[in-house]
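Student: I'm new to this one. Can you walk me through it?

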Amino acid sequence: MNFELQDLTGTFSVTDIVLAMSLAFLLSAVIGWVYRATHRNVSYSQSYVQTLVILGMLVSLIMLVVGSNIARAFALVGALSVVRFRNAIKETRDVGFIFLVMAVGMAVGTRFYSLAVVATVAICLVIFVMFRFSWFQLSVQRQVVKVQVPPEGDYTAVISDALIAHTTEFELVSMESIRGGALTELMYTVRLKKGSEPGDLITALSRLTSGQRVTVLTGYDQTDL
């Protein structure tokens, strides 16, 4: 029985391979740099940005392999269907960058070089504009207030009076019995009045709770007594 190995690499030239890999790397690196420059939260991950660059090159390679062959495309779908990703995406924005590098990699791999370059520049420019001018930002800062009170007595009325004095709006979110019924924890969402500080609200509530714990959560900071 004779076995013959057939090399199909000749279906695209070495120039195509080098150009596709190089362009995919450059465009993915630009996207990674834009992600790093416009990232605001504390969840930045260097490995994630490096993965974006690798993913763009891999998708480009895959599209070179698939080409216009439908059988290869279906085989590729079957092979990739066994892959499972267990890392949770921390921000929805990160998903957008993953799809961006995949789309650019697909364009490069199918040799739509001009489309890949123009799309990368245009989308990255839009990202920078949205970042620079804070598009769609909702400038409403709300706080979470947790108040622990003894189970006997109606504390909601007096707490509401203190909240009215220091907030423009508030809402009771939950009421929970804690420590085996020894205390009741009330949770509110509030919006502090202009000029009112979390410490002022804590002081006012502490006078009404018989010395029990009062907590005000403001963004990433927690003021506690």
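Tutor: We'll take the cores, then the UniProt record, then the rings.

Student: What kind of model is it, and how are residues numbered?
Tutor: This is a predicted model: local features need pLDDT of at least 70, side-chain atom pairs count only at pLDDT 80 or more, and totals for chains, interfaces and linings use all residues. Residues are numbered from 1 along each chain as its sequence is written, and side-chain values use heavy atoms, without hydrogens and water.

Student: Which residues touch the most other members of the largest nonpolar core?
Tutor: Leu27, Ile31, Tyr48, Phe97, Val104, Val108 and Ala116, out of 22 residues in that core. A nonpolar core is a set of buried Ala, Val, Leu, Ile, Met, Phe, Trp, Tyr and Cys residues joined through side-chain atoms within 4.5 Å. Buried means under 20% relative accessible area, exposed over 50%, partly exposed in between (1.4 Å probe, protein chains only).

Student: Which helices supply at least two residues each?
Tutor: H1 (14-38), H2 (46-66), H4 (92-109) and H5 (113-132). H1 gives the largest share, 7 residues. Helices (H or I, at least four residues) and strands (E, at least two) are DSSP runs, numbered from the N terminus.

Student: What does Ala116 contact, leaving aside neighbours within four places in sequence?
Tutor: Leu27, Val104, Ala107 and Val108. Contact means heavy atoms within 4.5 Å.
Tutor: There is also a second, separate core of 16 residues, including Val149 and Leu186.

Student: New topic. What does UniProt list as "transmembrane region"?
Tutor: Its unreviewed entry lists residues 12-35, 55-83, 95-113 and 119-138. Positions use the numbering here, feature names are shortened, and annotations may be inferred rather than shown by experiment. In the model, residues 12-35 are 92% helix and 0% strand, with end C-alpha atoms 33 Å apart.

Student: Now rings. How many aromatic pairs are there?
Tutor: The structure holds 6. Rings of Phe, Tyr and Trp (its six-membered ring) pair if their centres lie within 6.5 Å; planes under 30 degrees apart count as stacked, over 60 as edge-to-face and the rest as tilted. Tyr35 and Tyr48 make a tilted pair, 5.0 Å centre to centre with 55° between the planes. Tyr35 lies in H1 and Tyr48 in H2, so the pair ties together parts 13 residues apart in sequence.

Student: Are those two buried or exposed?
Tutor: Both Tyr35 and Tyr48 are buried.

Student: Why is the Phe170 and Tyr188 pair edge-to-face?
Tutor: Because their planes sit at 65°, with centres 6.2 Å apart.
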